[in-house]
Structures are given as C-alpha cells and as structure tokens.
Amino acid sequence: MSKTVLAAECPECAADVGLDADARVSEIVECVECRSELEIESVDPPTLVRAPEVEEDWGE
Amino acid sequence: MNPVGPRLGVLASRVRVEEKAIMAALDRRGVAFEHLDPRTLSVTGGAAWAGPEFVVNREVGHYRALYAASALEAAGATVLNSAAATHVSGDKWHTSAALLAAGLPTPATTLALTSEAALKALEEIGYPAVIKPLVGSWGRLVTKVADRDSAAAVLEHVEALPSPQSHVVYLQELVGRADRDIRVIVVGGEVVGATHRRGDEWRTNVARGAASEPCPLTDEITDLAVRAAAAVGADIAGVDLIEAEEGRLTVLEVNDRVEFKGFQSAHPGLDVADRIVDLLLSRAAA
Ligand SMILES: [Zn+2]
C-alpha cells in the first residue's frame, strides 16, 4: 500500500485529509473526520471538492 | 506499443478503486493513456478525433456511459464495452429480452407499460414479487412487494417520478435464496472468477453491505456466465446468478461497467484490472 504523502483540506470540515502518493485526479476519497465523500480536484497542489451527488442512473 | 501504437483511454467521471486499479495496471506496463472525464467531454461525430482510439468505459452514470460510448464510436473509436452492450445491459428489460432470446434461464419477468397494467399483471404473477427500475442503481428502488396494498403504494411513487421511462414497470417473480447470489466476472469471453455474496437483506448488492467470499467455479457457473455476457454483447461483464428451484442457477443481471472491489478482496490472487488491460491491449494490437 502506498504511503500518505500529501494532505489537503476537507471542504466540509477543514480537517486535513491524507492523500496517497498514487492519488489521481477525480479519485473519490472519504474525510476521516466528517465522513464526507470528496473528489480530488488536483494533486499538485492537492485540493478536494465535495463529490458529486449520486444520480438516479448510477450504479452497475 | 505507444507512443507509436494506438491511443488508449479510460472514460470515468469518478475514479473509484476499480478505475484506479485499471489506470495502475496501465501504468505498470508503461502504457500511456488518457483519462477522459465525461463531465468535460464532447465528441463530434464523423469529425477527425484526436482522442483515444481504444477506450475502457468506466463511467458510473448509465446515460453518460451510453452516449459517450456511442459518440466515441461515431468518431471511430473502439469502446469496451460497446455502446450496444451498454444499451442492453444497462437496462433491465433489454437484458431480460436478450437473455430470453439466447435461451438462458432467467426469472419470469413482466414489463407493464403503466402502473395500472402492473397492478393487473401482479394478480397473475402473484405475491411476493419484485418491482425494479429499468436503469438500476445499486439496488436502490428495487422493491419487494408482499401484497396488493404495498404494490399500489410503490406504483404510486413510481408514477410520480419525472421521467417517462421510469413509468414503465419491470416486474419479476421473487426467486431463490434471497440473501445470497453469485457474481461472476467475465473478461473477453473468459471467466476470471466468482464470488458468493451474502447480505442480511434480500438484496445482495455489495454497495449495500453484502460480503463477498470466493465461489468455486463449476461448469454450470462458467457456461451461464459466458453465455450471458455474450447475450448482451459485453466483453467485460459482471454476471449475477441466483439459485432457483432444485438448485439450478438462473441469470439475474448482467452489469457492463462491473464493480469488482468486493470480488478483488475475495480473490487476492486474481487481478480483474489486469485482465481488462490485457483485453484492451489485445484489441488495440489487432
Ligand atoms: Zn471533513
């Protein structure tokens, strides 16, 4: 498993969210503090936005 | 193969565990690819397309996945799965029709064009029965109805939904062991492996908390899964099987943009993402 090397601020609760070295743009992560579902907007610099709301036609 | 070989892409608006695994498998082979985000994608049919020529479709939204695949194909790209396969397997009725046409076992299914027709049909089907949305989402809105009153309540809710398509009602007999099903992953016409999924609810979607355990392959599982994937035209598929009467298996669903996080933790020795990349590269090399 890859180590946490980056940290970005949770847009919901301002907690530091650790991102792995292999983090990718559009990856979905969860804030350990507030459990919000977040999307990695950029890795350099590491920034997070709220993940999009689940839509009706999502899923397998 | 690249940079001189064909251009490759992964289509996904959400990069979840599965998409990340596919991208990592491409990276491990030193193969360049483009991440196509449907939220910012537009494609002009027939015009020169400078984007990826071979694309794995991992878009989570059915309609975005379907139209993106169709547009990419119109621009000359090869998409896995094809737009046609996504059209069929992304819709429960089209899937049922394809399974029936291929002569595969599948639960008795009725399509009712209105709520009124659905209530009438349920009198024939009997209770309990299952009402499902045509375009499904992790078991959401999949409702087991025990009697006429609960069916009428669900159908009233269905009628209030905004899209005309959601007024078409998909009804199915309730079959098998409600708390357990078999998920089989098929890539390129071959079975990668299978898992048992057990839930404490009657729905067994992993997204709803069902646990995955390895399921030994039998000839019946392999045969049904490969034929079900072929019936909907899917090169990459998650086929859901359920035990019906006398222990015989029946095909419940075929998923064209299969989630395999649960499968992967049950089968640490198998690598679904790697198999998907193998398939993509073999198509690109053909
Ligand atoms: Zn937070």
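Tutor: A helix is a DSSP run of H or I with at least four residues, and a strand is a run of E with at least two. The model before us is predicted.

Student: How many helices and strands does chain A contain under that definition?

Tutor: Chain A has zero helices and five strands. Read from the N terminus, its elements are β-β-β-β-β. The C-alpha trace of chain A spans about 35 × 25 × 20 Å along its principal axes.

Student: Let us turn to chain B. Why do S1(B) and S3(B) count as paired strands?

Tutor: Pairing requires at least two bridges.

Student: What is the strand order of the open sheet with parallel pairing in chain B, and which strands stand at its edges?

Tutor: Its four strands follow the order S2-S1-S3-S4. Strand S2 (34–36) and strand S4 (78–80) of chain B are at the edges; each has a single partner strand, so one side of each lacks a neighbour in the sheet. On average, neighbouring strands of this sheet are turned by 25 degrees against each other, direction ignored.

Student: Which strands of chain B does helix H1 lie across?

Tutor: Helix H1 (residues 17–28) of chain B lies across S1, S2 and S3, and its direction makes about 165 degrees with S1(B).

Student: What is the order of the open sheet with antiparallel pairing in chain B?

Tutor: Four strands of chain B form it in the order S5-S8-S6-S7. Strand S5 (109–112) and strand S7 (143–145) of chain B are the edge strands; each has a single partner, so one side of each is left without a neighbour in the sheet. From one strand to the next, the twist averages 30 degrees.

Student: How do you know that S6(B) and S7(B) are paired?

Tutor: Three bridges join S6(B) to S7(B), and at least two are required; the strands therefore pair. Their run is antiparallel, with Val130(B) opposite Lys144(B) in S7(B). H5(B) packs on this sheet, touching S5, S6 and strand S8 (169–173) of chain B, and makes about 10 degrees with the direction of S8(B).

Student: Why is the pair Lys20(B) and Glu27(A) called a salt bridge?

Tutor: The N to O distance is 2.9 Å, and the limit is 4 Å, so the pair qualifies. Six salt bridges are counted between chain A and chain B. Across this interface there are also 10 residue pairs in polar contact. The side of chain A that touches chain B has seven nonpolar, two polar and 10 charged residues.

Student: How much area do chain A and chain B bury between them?

Tutor: About 1900 Å², of which 42% is on carbon and sulfur atoms. In chain A, Arg24(A), Trp58(A) and Glu60(A) lose the most area to chain B, together 44% of what that side buries. The contact takes 19 residues from chain A and 27 from chain B.

Student: What makes Arg197(B) and Asp240(B) a salt bridge?

Tutor: Their N to O distance of 3.4 Å is within 4 Å, so the criterion holds. The pair links distant parts of the chain, 43 residues apart: Arg197(B) is in strand S10 (residues 190–198) and Asp240(B) in strand S12 (residues 236–243) of chain B. The structure holds 28 salt bridges over all chains.

Terms used. Residues numbered from 1 in each chain as written. Chains lettered and ligands numbered in written order. Predicted model: local features only at pLDDT ≥ 70, side-chain atom pairs only at ≥ 80, totals over all residues. Heavy atoms only, no water. Axes fitted to C-alpha atoms, helices over the stretch in contact; angles between N-to-C directions. Contact = heavy atoms within 4.5 Å. Buried area = accessible area lost by both parts, 1.4 Å probe. Salt bridge = Lys/Arg side-chain N within 4 Å of Asp/Glu carboxyl O. Polar contact = N/O pair within 3.5 Å; in protein donor to acceptor, adjacent residues only side chain to side chain. Nonpolar A, V, L, I, M, F, W, Y, C, P; charged D, E, K, R; others polar.
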